[in-house]
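User: I would like to go through the terms used for this model. Please set each value against its definition.

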Amino acid sequence: MELTPSEVWSHVLGLVQERMPELSFRTWLHGTQAVAVHGSEILVEVPSDFHAEWIEDRYGDHLKELATRVTGQEVSISFRSASTSGLRVAPEVAVVQPPPPGATPSSPSATPDPGGRPCHGSLNERYTFDRFVVGNNNQLATAASRAVAENPGRSYNPLFLYGGVGLGKTHLMHAVGHAILERSPGARVAYVTTEQFMNELVRSIQQATTREFRQRFRQIDLLLVDDVHFLERKDSTQEEFFHTFNALYDAGKQVILTSDRPPKELPGVEERLVSRFEWGLVADIKMPDYETRVAILQKKAADDGLTLDDEVMDFIARSCTSSVRELEGAVIKLLAYSSLRREEINLALARSALEGVIRDGGARTAPRLTATRIRERVAEEWGVTSADLASKRRTRQLTVPRQVAMYLIKELLDESLVRIGEGFGGRDHSTVIHSIRKVESALEEDADFARRVIRVRQHLESA
Ligand code: ADP
Ligand code: MG
């Protein structure tokens with residue numbers, strides 16, 4: 001009798017759990033799911049790219065062996081991050097969803113139903129005030145956010161939070177959402193990235209549903225718009241944004257915005273919008289100082305039930321100086337390392353575990369990986385030239401590698417769709433979305449293709 005992929009996978013997990021330290025199992029494999037099978041290949045969805053690489057590297061062969069034993073035939077397993085299965089405009093959170101075709105204006109995820117059920121799914125559960133450490137880097141931003149949570153629409157409207165990547169802007173804005181929902185469970189809270197806002201607007205224009213689009217956004221009590229620096233030069237989006245903003249503001253509804261720079265420095269954003277952004281309060285978030293970094297580590301350790309002694313925390317806090325996200329990455333890596341080597345976490349272990357992380361100081365955000373580099377590597381893999389990919393030429397031979405390059409740029413660099421399009425003969429952002437979706441579905445349907453893309457990706461990430 002044939003087993004389904006998930007049956008095979010749960011047998012495999014059962015077997016491996018007996019052979020592996022509990023902590024490692026919990027860290028890496030617990031909760032993973034088999035999502036598809038292609039011939040003799042099982043595709044398993046795991047929480048992040050980091051998990052995918054790690055599991056593949058360390059446990060890949062062993063898992064394959066067990067799967068082969070369970071099914072009685074040669075089986076291979078590939079791992080994929082759950083986040084790559086959707087268009088990753090908003091990591092971890094998906095919110096004001098596009099209405100399904102033919103839906104009524106108030107689709108449930110955008111505006112809660114008339115009963116006022118809020119869309120909790122739109123906020124990251126971990127991003128609460130409780131879990132946010134206040135330091136001198138974010139004092140004003142936190143105080144303002146708390147004030148807004150207590151008095152939405154009345155204290156600071158809009159609240160504009162700005163600062164570098166990975167410093168807690170999204171966390172704080174979600175915290176306000178949670179606090180408001182806790183007090184008024186019927187409140188209509190919507191979180192949207194600027195790109196989602198733009199994509200939805202474009203879709204509504206194409207489908208002639210802009211009225212519904214407007215209504216949907218204008219019925220919201222708290223609107224959280226993340227990363228407004230992506231508004232750059234998108235005139236129709238700015239126009240619509242301006243009107244949405246005014247409608248909410250006039251109705252006394254709260255708006256919170258985040259950006260990587262202050263309103264005045266937003267290039268290509270029209271003056272009247274900049275001045276709206278400055279109406280309320282503009283607060284920045286900086287990199288936490290050493291003491292705050294230690295406090296954040298202590299908090300994370302306490303929240304996740306870890307024991308990290310002072311020496312180790314001191315080492316991590318000194319080594320990670322680019323963002324809070326880097327700090328978190330270091331802890332995850334250290335945990336993984338310790339469970340794998342079955343060694344206690346101590347300073348020596350921390351040093352060797354974090355060697356790579358620290359040497360390239362947050363390699364993922366470092367400028368070394370560029371769109372050009374990605375285009376070149378993809379061109380090489382598909383045997384075409386990078387210049388051809390960047391051109392307007394439309395030959396069949398170029399279609400797939402061009403789509404893959406766009407997909408990888410989005411995945412690895414988090415560039416805006418417009419900017420990605422510019423690097424490929426000035427293609428517009430809807431072409432870019434289309435390309436990315438194509439790749440995503442091909443990844444699901446074609447194992448050879450998926451392997452090829454993963455190989456290119458790993459090569460780029462490890463370079
Ligand atoms: P940004 O939106 O500024 O790029 P995020 O809000 O996504 O950054 O934060 C990056 C990570 O760092 C998140 O996991 C967040 O929970 C964490 N973080 C940032 N600042 C703090 C803080 N002060 N206390 C606790 N966690 C923080
Ligand atoms: Mg953010």
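User: What makes the pair Lys286 and Asp284 a polar contact?

Analyst: The side chains of Lys286 and Asp284 make a polar contact at 3.0 Å. The term covers a pair of N or O atoms within 3.5 Å; within protein, one must be able to donate a hydrogen and the other to accept it, and residues adjacent in sequence count only if both atoms are side-chain atoms. This is a predicted model, where local features need pLDDT of at least 70, side-chain atom pairs count only at pLDDT 80 or more, and totals for chains, interfaces and linings use all residues. Residues are numbered from 1 along each chain as written, chains are lettered from A and ligands numbered from 1 in the order written, and side-chain values use heavy atoms, without hydrogens and water.

User: Why is Lys286 called partly exposed?

Analyst: Its relative accessible area is 48%. Buried means under 20%, exposed over 50%, and partly exposed in between (1.4 Å probe, protein chains only), so Lys286 is partly exposed.

User: Which residues does Lys286 contact beyond its neighbours within four places in sequence?

Analyst: Those residues are Asn137 and Leu167, where contact means heavy atoms within 4.5 Å.

User: Which group of Thr170 lies 2.7 Å from an oxygen atom of ligand 1?

Analyst: A polar side-chain atom of Thr170 does. For His171, a polar side-chain atom is 2.6 Å from a ligand 1 oxygen atom. Leu167 instead places a backbone N or O atom 3.2 Å from an oxygen atom of ligand 1.
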